[in-house]
Amino acid sequence: MWFPDHAYLIPLIAAASFVLILFFGKRMPKKGAEIGITALSICFVMALATNVQWFSHVNSAEHEAEVAQEEGEAAEALVSSESTGSATEPIEFEVEPSRASWTWWQSGDVTFSVGMLLDGPGVMMLFVVTLISLLVHIYSTDYIGGDRRYTHYFAFLSLFSASMLGLVMSETTLQLLTCWELVGLCSFALIGHWWEEKPNSDAALKAFITNRVGDVGLICGVIILFFAADQSFDIVTINEMALNGEISHLALLVASCSLMAAVMSKSGQFVLHTWLPDAMAGPTPVSALIHAATMVVAGVFMVARLYGVFFQGFSIGTSSVNPLVVIGAITVIGGASLAFVQKDIKKVLAYSTVSQLGYMVMALGVGAWTAALFHLFTHAMFKAGLFLGAGSVAHSVHSFDMTEHMGGMRKFMPKTFVTFLICTAALIGLFPLAGFWSKDEVLSGAQQLGGEGGYLVFMVVGLVGAFLTALYMTRCIYLTFFGEPKGHAADAEHPPHESGRRILVPLYILSGMAIITGFANLPNSGVLSGSPDGASLRFEHFYEPKGSYFPSVLETFDHPEFNVLIALGSTIIGLLGISLAYAWYWKGRGPHGLTSRNKFAKAGYTVLVEKYYLDHLYTGIIVGAVKGPIARGAYWFNQKGIDGVVNSAGVAAVKSGKFVYERIDQGVVDTIVNASGSAAGGSGQRLRRIQTGRVQQYAALLFAGAAILAGIFIIVI
Amino acid sequence: MDNNEFLTEWGLTLMVFLPLAGALLLMVIPKAQEQMIKVAALGAALASGAVGVAVLANFNYDSSEKLQFVVNRNWIEAIHANYIVGIDGLSVPLIALTLLITPLVMVYSWNHFPQPHNPQAFLILMLVLATGMLGTFVAQDLILFFVFFEVVLLPMYFMIGVWGGEQRQYASIKFFLYTLFGSALMIVSFLALFFVAGGDSFSMVDLAQGVADRNAAGNLAMITQVLIFGGMFMGFGIKVPMFPFHTWLPDAHTQAPTAGSVILAAVLLKLGTYGFIRVALFILPEAAVKWAPYIGALAVIGIIYGALGCLAQTDMKRLIAFSSVAHMGFVMLGIASLTTFGLNAAVFGMVAHGLITGMLFFLAGSVKDRFHTLEIKRLGGLLLQAPKLGWILGFCIMASLGLPGLAGFWGEFPAILSAYNPAPALSQELFRTYMVIAAFGTVLAAGYLLWLFQRTAFGTPSEEFADVEIEDVRVSEWIAWVPLLALILVLGVFPNIIFHVTDPFLTVMGNTFAGLK
């Protein structure tokens, strides 16, 4: 297994690309883009090879287990003729992750390593990150061609790829935290790519600082787990100890809750999601790569990585409600409802991302680990496709505003339109596209897993979310591609035109993935139980960790089965949403203008437009207060309070000095000196010395004080 | 072998006093020979550095918990003060930092001596400073330590008072008196300690042994130890500076010339934190346990309070100065946890803060040089006018806010980590509260630093400077900065460079505290 064992080279190649672009990029003929594309191509090929070798590794592990079991059965058969009857049960087997480890630092007897833990989820993410990053690189050469900071842009893309790849194969939580912050840095730099305009740099700051709030949770969670696991950051160790019950439930619960904060900020969960829509200020390819497909799923990935901790901490297998699932559910609905009132096509997609991330978190909350990761996988493909498609449109009309500068774009950009349509259908979850399979698995998980009563409520939430998704995406399609061209789109002199190949090819590939990736985890249960073994549940087979560090060792962990009713139901609900939106926009049916007639409808609309007033709360009230009155108050206290004491101590010292000088020195001592008759010149000189040499005077006084104190001190002792 | 013997006997002494010899040499060079003065000063600093490098190269890193290169000579017999110098894993990183910073500051100032110019006097002061700083880090005798600790004061006083900004008089007097006040209490403690521990030696090791013996015998009152620690706390705490004794710092920093600010931030503040570990914790471990909760409280107050102070600033340099209060809060929190983790974090934090904040003051100096103002309102668009300068500022700001992969992180994160599980004698609940507060401090740090970056570097230049030609990074600046920038990155990626040096000594210390109930 050369490739999985040396997969750590992949992020190193990307990191090297960053350094090379930084120092030599500007001197290259293509301004550094070629370095990035070459590096990412190598990374992608290596990721593919890693995947292939990983598959055979998993299969051979399974095969060995089979052989061992048969041998065991044969041996048992010799002892007793009883049949174990396990022939129909799936074989239990373990898959060794690929690991590599080096000492990073030490403190006391504890040594901290940096290294690689590469197993199913990591291998999967390798593929996703390198593929989309490569496509985004290619797309960007056209999209931001001639940009004022072209080289710098590619440098940060490389750094981002390196950090993200490092994140998905982190061996320790500390390493995870490091990469976590580094991807945040890249996000900051790329959101603020056009920092000349203040809104862009504002958005960048907001993203970084909001994520820092979540990082407080991450730092605390990592520290709690470190001490709970007998001073270890090792992810496998922590998970194993959590699953074996070697860590108290309380510690796990507190750690999980802390880590939740990090998930909320990084993965855009309510109520820390507000930075994500603003992050659309960055270039569109960045939105596709970082703020849809990869970085924002880091939170989901982190939960999946530490699933032993969350599974035990939140008692996921036996409860019917927990923070993960609640936050996820709120986010599903909250994000979708906000997507509905956006005018900016990227904001629609951003809120849609928020909502879909909610599905993933919810899936993890109900215990459907594979469903969550599978949805992450398919979502990365079609959401990246949607963003790049939106970029393609915007590239041509120079605006993201659907209501002002778009409309009727399908005539000008038929190829972009088709790919956008495919990805939309995948997002809505229409059979047989990718989103159908993954969303269905999430919903089945909510229906079937959990303890008493299960997570049924959340299945309903998921269905409502599916309905809303259909609504807002159909609206988005209508405003962009149908109706009459408006604004720039209607500019007769410069009519919009289809984008070039470097933009279209990534779109083709991603929409192709949106069609096929759903079959990666074809169910093998319910009405589909006849699926051949070698073609069904491949995603689960290859990418779900199999070993003592994953909750599958627990009895409460399970996989949902395919439920044809849910599949049908969600499809019908999706179609219903589409038809409703169709009737509203294309046919003009329904109570149009309701928001201006009915005050309740208007109030609801305003709440949505104002994004539930969360930005007012954060930017206006909290940040405003800290930056304004609180900081100023603290500083006032510093200057008037503390420094006041210091200064008055100084003044008091000078005054008492004067007193001593004028009354005692001049009054008493000098009388004697005067009496001796040699005063005139001497006292003048002394006066000057004291005025110019205040320091000595202070010093003398202080030492006098110190001497007195010392005296008291010695007496006390 | 002769070479080595010479080094063992004379290495540290030469390293410490070569700058002083250089200062004497400078006095006899005619004032007009500016070039010669500069070369001689730099030569003295580099010579001291070369000896230092030789010493550090021959240092036995496998037993860095032991004092090495020890020299013990009679000095002032009347008061039992000896000339004892020696280094171990705790002093090595700080000596290296000092040896690095001094020549870099000289190079930076090369053609830009602040008004009223006079490089001769300026460089003499800087060399005296170097002797004082290095001496403090090698001294193993309390009186010797105190002398070096105080030697630092005067050159800095003159540097601020003569070459400083508009309010230099106020700032320099405040700096001098405030630190002197602390020193006065500290010397009282030293004297008391001398008598308590048997009254026949000022050697730190002997004093620690004396205190430990009396503690073992149970005939040393806790209140005595706590009071002695209190005196040291004032001396070192003011130097650090800890809330609420920090108010000299923003004034001193803001008024000091760039070179002074850099040395002040990079090395001088570390004398306080170093003193805490080397003297206070080492000699009086039991009293340290009693003081730790209060030190921890002041440290986290400092973290939050310093950050709030930063948010209220309108002047770039003053903002950076205030950020020191917050950063040193992390160092002190690490120390207060009394664990190996925390102490390691503290020493790393000292070096990291020295590099990063030193760099930030360099940058502030260069901005002032170009725009003749540091008022944040008037700046903006630095990235457009001087892109390299702007990106270096961005890099340092990221390092300062504790981005993993850069040096600042390793001072911050392990300090927070250590507070979760402090020494067994300390209250876990209390320190966990500190941990959460400190963790929130990182949010505020990101806030004030990025806000500073946004207002100075992002956007477009203000009208006032729109048409002014701004020079990007100069050669002398590159020479002075590249080593610091490289170290910030290298230490961030390979933190063990420092941890493996400091760890053995601090493990011994951490185990002492782990044994106390």
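The largest nonpolar core in this predicted model has 449 residues, and those with the most contacts inside it are A:Val300, A:Ala372, A:Ala384, B:Leu127, B:Ala280 and B:Ala438. A nonpolar core here is a set of buried Ala, Val, Leu, Ile, Met, Phe, Trp, Tyr and Cys residues joined through C-beta atoms within 7 Å. Buried stands for 20 or more other C-beta atoms within 10 Å of a residue's own, exposed for 12 or fewer, and partly exposed for values in between, with C-beta atoms placed from the backbone. Helix H14 (residues 340–371) of chain B gives this core its largest share, 19 residues.

The model is predicted, so local features need pLDDT of at least 70 and side-chain atom pairs count only at pLDDT 80 or more, while totals for chains, interfaces and linings use all residues. Residues are numbered from 1 along each chain as its sequence is written, and chains are lettered from A and ligands numbered from 1 in the order in which they are written.

Chain A contains 29 helices and 2 strands. Helices (H or I, at least four residues) and strands (E, at least two) are DSSP runs, numbered from the N terminus. Along the principal axes, the C-alpha atoms of chain A fill a box of roughly 125 × 85 × 60 Å. Of its 717 residues, 52% count as buried. Among contacts in chain A with a separation of 6 or more, 79% come from residues 24 or more positions apart.

Helix H5 (residues 150–168) of chain A has 18 of its 19 residues buried. Its end C-alpha atoms are 27 Å apart, which agrees with the 27 Å that its 19 residues should span at 1.5 Å a residue, where the expected span is 1.5 Å times one less than the number of residues.

Helices H19 (residues 414–428) and H21 (residues 456–481) of chain A have axes that come within 9 Å and cross at roughly 170 degrees. H19(A) and H21(A) are therefore roughly antiparallel to each other, a term for angles over 145 degrees. Where they meet, H19(A) supplies residues including A:Phe417 and A:Leu421, and H21(A) supplies residues including A:Met473 and A:Phe481. The residues of this contact divide into 8 nonpolar, 2 polar and no charged. Ala, Val, Leu, Ile, Met, Phe, Trp, Tyr, Cys and Pro count as nonpolar, Asp, Glu, Lys and Arg as charged, and the others, Gly among them, as polar.

Between the chains, 50 residues of chain A are in contact with 52 residues of chain B. H7(A) gives the most to the side of chain A that touches chain B, with 13 residues. That side divides into 34 nonpolar, 8 polar and 8 charged residues.

Most residues other than glycine have a negative phi, and most peptide bonds are trans. The table lists some exceptions.

| Residue or bond | Backbone feature |
|---|---|
| A:Phe431 to A:Pro432 | cis, omega near 0 degrees |
| B:Val240 to B:Pro241 | cis, omega near -5 degrees |
| B:Phe69 | positive phi, near 55 degrees |

A:Pro432 lies in the loop between H19 and helix H20 (434–448) of chain A. A:His398 is partly exposed, with 13 other C-beta atoms within 10 Å, whereas B:Phe69 has 22 and counts as buried.

How values were computed
Two residues are in contact if their C-beta atoms, placed from the backbone, lie within 7 Å. Axes are lines fitted to C-alpha atoms, for helices over the stretch in contact, and angles run from 0 to 180 degrees between N-to-C directions. Angles under 35 degrees count as roughly parallel, over 145 as roughly antiparallel, 65 to 115 as roughly perpendicular and the rest as oblique.
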